[in-house]
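Hello,

Here is the structure I promised to pass on to you. Have a look at it first, and then read on for what turned up in it.

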Amino acid sequence: MADRSELLQGTLDLLLLKVLSLEPMHGWGITLRMEQMSGSVLLLNQGSLYPALERLRDRGWIRSDWQLTENNRRARYYSLTAAGRKQLAAERAAWKRASAAVNAIVDWAGALP
């Protein structure tokens with residue numbers, strides 16, 4: 001079994017926006033999709049998920065509505081708004097800049113001038 005890692009601080013909003021950009025999902029579906037997409041490395045706990053979803057909804061980046069699941073149960077489905085798509089693009093660009101900078105430092109093999 002692969003090691004499971006906690007999410008890096010500050011990445012949860014980006015990951016939730018990305019997962020919801022694929023299709024509207026209920027909370028459990030989001031958890032499963034994130035685990036699947038990360039190759040079972042990242043495990044999202046429910047105590048982090050729902051407060052984050054509420055925060056994203058309060059900011060207007062996602063909306064929610066009640067629907068029936070594939071098992072005919074009532075669940076709140078979350079989907080991305082137009083503002084959420086813009087936020088996803090901004091967070092994705094920021095993440096790429098930051099991760100490239102961290103990689104440059106971690107992989108540094110040269111001498112300093």
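This is a predicted model: local features need pLDDT of at least 70, side-chain atom pairs count only at pLDDT 80 or more; totals for chains, interfaces and linings use all residues.

Residues are numbered from 1 along each chain as its sequence is written, and side-chain values use heavy atoms, with hydrogens and water left out. Helices (H or I, at least four residues) and strands (E, at least two) are DSSP runs, numbered from the N terminus.

Let's start with the sheet. It is open and has 3 strands in the order S1-S3-S2, with antiparallel pairing (two strands pair if DSSP finds at least two bridges between them). S1 and S2 are at the edges with a single partner strand each, so one side of each has no neighbour in the sheet. S2 (residues 62-68) pairs with S3 over 7 bridges, and S1 pairs with S3 over 2 bridges. Tyr78 in S3 is the bridge partner of Ser64 and also of Met25. The hairpin of S2 and S3 has 5 residues between the strands, and Asn72 there takes a positive phi near 65°.

Now the helices. The axes of H1 and H3 come within 11 Å and cross at roughly 80° (axes are lines fitted to C-alpha atoms, for helices over the stretch in contact, and angles run from 0 to 180 degrees between N-to-C directions). The two helices are therefore roughly perpendicular to each other (65 to 115 degrees). Among the residues that meet here are Leu16 and Leu20 in H1, and Leu53 and Leu56 in H3 (contact means heavy atoms within 4.5 Å).

In H2 (residues 27-37), the buried residues are Gly27, Gly29, Ile30, Thr31, Met34 and Glu35 (buried means under 20% relative accessible area, with a 1.4 Å probe and protein chains only). They pack against H1, S1, H3 and S3.

Finally, the largest nonpolar core has 19 residues, and Leu20, Ile30 and Leu53 are among those that touch the most other members (such a core is a set of buried Ala, Val, Leu, Ile, Met, Phe, Trp, Tyr and Cys residues joined through side-chain atoms within 4.5 Å). H1 gives the most to this core, with 6 residues.

Enjoy exploring it!

Methods:
Buried means under 20% relative accessible area, exposed over 50%, partly exposed in between (1.4 Å probe, protein chains only). Angles under 35 degrees count as roughly parallel, over 145 as roughly antiparallel, 65 to 115 as roughly perpendicular and the rest as oblique.
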